[in-house]
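This briefing is intended for a reader working with the sequence and the model side by side. Please consult both while going through the points below.

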Amino acid sequence: MFKRLVDAGVAVAITVDGKRVAARVGDTVATAMIAAGIDHCRTTPVTGAPRAPYCLMGVCFECLVTVDGVGSRQGCLVPVSEGMAVETQTGKREAGR
Amino acid sequence: MTKASDLASSYDLVVIGGGPAGLAAAALAARAGLSTVLFDENPGVGGQIYRAITSSPVKDRAILGVDFWVGAELAAEAKASGALIVNGATVWSLDPTRLVGVSIAGQARLIQASRVIIATGALERPFPIPGWTLPGVMSAGGAQTALKAQGLVPSGRTVMAGGGPLLWLLAAQILRAGGKLDAILDTTPRTNWLRAFAHLPDFVLSPYFSKGLKLLREVRAKVRVIRVDRLEAVGDDKLREVVYGAAGGERRMPADLLLLHQGIVPNVNLAIAAGVTHAWNERQLSFEPVLDENFNSSVHGIAVAGDGAGIAGGTAAAERGRIAAVAAVRALRPEASMPDTQAIRQRLQREEMGRVFLDWLNRPADSFRRPKGDTIVCRCEEVTAGQVRYTANMGCEGPNQMKAFLRCGMGPCQGRLCGLTVTELIAAERRTTPAEVGYFRLRPPVKPITLAELASLPIAETERKAVER
Amino acid sequence: MAASDYDVAVVGGGLVGVATAWGLAREGCRVVVLDEGDRAVRASRGNFALVWVQSKGLGLPQYAGWTIRSSNAWGGFAQTLKEETGLDVSFQRPGGFHLALSEKELEGRANILKRLHNQPGIVDYKTEIMNRSQVAKMLPDIGPEVVGGSFCPLDGHVNSLRLFRTLHTAVKARGVSYLPSHRVETIIKEGGEFRLATAQGEIRAGKVALAAGNANMRLAPMVGLEAPMRPERGQIVVTERLRPFLIHPVVTLRQTDEGTVMIGDSKEESTDPAGLTLGVSATEAERAVRLFPLLANVNVVRTWSAIRVMTQDGFPIYDESKTHPGAFTVCCHSGVTLAANHALTVAPMIARGALDASLVAPFSARRFHVQAVG
């Protein structure tokens, strides 16, 4: 869906659902997922429909993901960092995660 | 990185939002000697228009254009001014006493401000078409953010749809970056010219005129533009094709990415939660705060500058920020020397001149603002247009009762992507005006915070007694 | 009488009003509901949705029996609503808790229950004081500070916003006229019928049922009734949707069928529904995290603030007018718990034109005078 115009940035290794994703410094969790061609980042807690980042500016809450064990983070507002573990979210969040 | 615990307990001025209005306001106020803090939610300053202005990997300046790079000066001025600029800081509460609730890296603080300038800017108008929740459908603003901040360019079969200046600007930027667009589906009604025409002379004199024409020519030379009156995103688990109605017939176009845009509207959530009076703007089809000539709101000490005060564009936003900042300085440090606001106002007026024409010309069609049937209106709670219309006819007169009945606006986005649609649908069904129908009542937190953050706030003995019995 | 537009005008379109209107329509009455607009001060949009029995009746033992009657009728009531509208209000009665975060709180709790159940004439219902390990067997996620609590098997909850919508849907289906933005300014009785003046015109009805919450204080004297009220503000904190983790409602914290967690219940002397006291929300959040530490990182997505309908002694008022026969008050705080009674017991009485003293005599507003004299 998207490609990197300049692929010269410093690499940052994160994982998404356990798989390695090559992010770049300056990526947010949401854009790293988009650049990696990941279709959707969560399924809704209402009907389970798949959703992907929509606005990338913090207002739509479609890019909610679990980051380093903490659920429902806005992926478009969280900069990536080395070793970060991202999980796509399925339906309702689990309390305590 | 500034931590929540590093903040002072009070500031002369708290500026919320690091776009052009916020940056200009903070710079001016800090230079005039006000203790100033600017909170911005994003990883870097610039807001949406100058997104990633200090960090963009897009080094070829021609791609984003000169109008983008002027933001660098604003960012540099603010940085040099002595204002404390905190990124990654989410303001989730503001009350009429100007107590500001802010969260930084999971830590919440309450900060007292003598003056507040809300510069939370704009967001894209909801574009509720069938299938707009499918992965593969994204807002044009989102794609532009990814281009500015991460240098991401659409690849694969890409369709843009909608109308308004940002759509054409993004199309040009994508093309300059070497991207390819399969088509632009223009949803703007031709009849808009009738209302816009009277304002053409002002537009011709405004800076938008030559820029706009050039942009249209640049894009039209490379991309097929189709005028459409119906639009649908189709797919099972993700977007597969775009279905559109043009010249009486239905056409289908396979697509991997559909970018939607039909203008921008003020981001009103924080100002409404703070108790600021808002009014309906029929030309811009949105709610905006009621403000005086210095952008002061109905709540003492709280001003709203930038596109949050009504859409006028990035350059105007900076001038508005300066005017609001001058008013803040005059109130708190009357002895400080201030720039000539007459000159600022003149520049602002010039910027605003062409706006009326653009507003009428790009006014989105009723059918794209007021969907029907199974089209989702509230993305968070998956409430459809048909449900909203049916419930309005049941006697549900306004958005607050609608929220109680259907949960629309109750999800994490707090109505940002459905509020205007819900108001307009109720108005249409009840044959009244959006001004009459009104908007969602909003309360803090206007952005989610954790229970632990909320629990960490200071609690007075009377407040504890109100719960512990 | 036949000239009247309606048999009964119900004043108030909140839960009490529409439950009563639905019951009246089932009795064959032609009913109109007169309501305020979208920005009405409306307790029905901010209530905690408990169908609650424990602790009810201290000071007026008959209130316990009245509450249990509604609690027992609730299952059938919910089922009937579902058959009529297709909407499930998600009534559940798994038993509910009141949890204590200190020995002192637990002791206070035990004292209240002792005094409540020692009252002469109180219907016997079981509320058990449990120690920490007993509570933990039923609520495994409680935090280390929870020392115990009280449990009543009759306690339950419902999705109250869906109940609100369901009742509105049901009254519409039964042909009730619902008129929003019809704030009632005055009521007079003339020529054997009631005339209710609104800015939108006059409505005429044979009978009138005042179900306008705290506004009953203003309306009741117009028809020879009284409703002494003391409104108070309550705030609720609401989280994002979570997977089910809590079956039993706690009096201050419950998980809805949709997954959100609602946290209450504060009391402040204020009549401003737009205001919000952050420190009160903070206290609610702090106690919630101490009760269930796994909620610490959960996101708060909303807070509510609403004005409780509260009579001066906290108990319901059901009355019929001596001077204006055909005028009734239906007024109470617990519009959810008592919805089944209002629909199935009180409405038929109003339809017949007389309250059944054997059931509701203790709830007449005349009690306020008895106390004043005594």
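The model is predicted. Chains C and B meet in a contact to which chain C brings 43 residues and chain B brings 32 residues. Strand pairing also crosses from chain B to chain C, and chain A holds an open sheet of three strands.

**Side of chain C that touches chain B**
- Elements of chain C that each contribute at least two residues to this side are α5 (160–173), β12 (232–239), α7 (278–291) and β15 (299–308).
- The most is given by α7(C), which provides 12 residues.
- Sorted by class, the side of chain C that touches chain B comprises 17 nonpolar, 14 polar and 12 charged residues.

- Strand β23 of chain B, residues 449–450, is joined to β15(C) by two bridges, and the two strands run antiparallel.
- Within β15(C), Val300(C) is the bridge partner of Ile449(B).
- The strand β15(C) is also one of the elements that supply at least two residues to the side of chain C that touches chain B.

**Open sheet in chain A**
- The strand order in this sheet is β5-β4-β9, and the pairing is mixed.
- Strands β5 (50–51) and β9 (89–90) of chain A lie at the edges, each pairing on one side only.
- Strand β4 of chain A, residues 42–43, pairs with β9(A) in the parallel sense over two bridges.
- Opposite Thr43(A) stands Thr90(A), in β9(A).

Conventions
Residues are numbered from 1 along each chain as its sequence is written. Chains are lettered from A and ligands numbered from 1 in the order in which they are written. This is a predicted model: local features need pLDDT of at least 70, side-chain atom pairs count only at pLDDT 80 or more; totals for chains, interfaces and linings use all residues. Two residues are in contact if their C-beta atoms, placed from the backbone, lie within 7 Å. Helices (H or I, at least four residues) and strands (E, at least two) are DSSP runs, numbered from the N terminus. Ala, Val, Leu, Ile, Met, Phe, Trp, Tyr, Cys and Pro count as nonpolar, Asp, Glu, Lys and Arg as charged, and the others, Gly among them, as polar. Two strands pair if DSSP finds at least two bridges between them.
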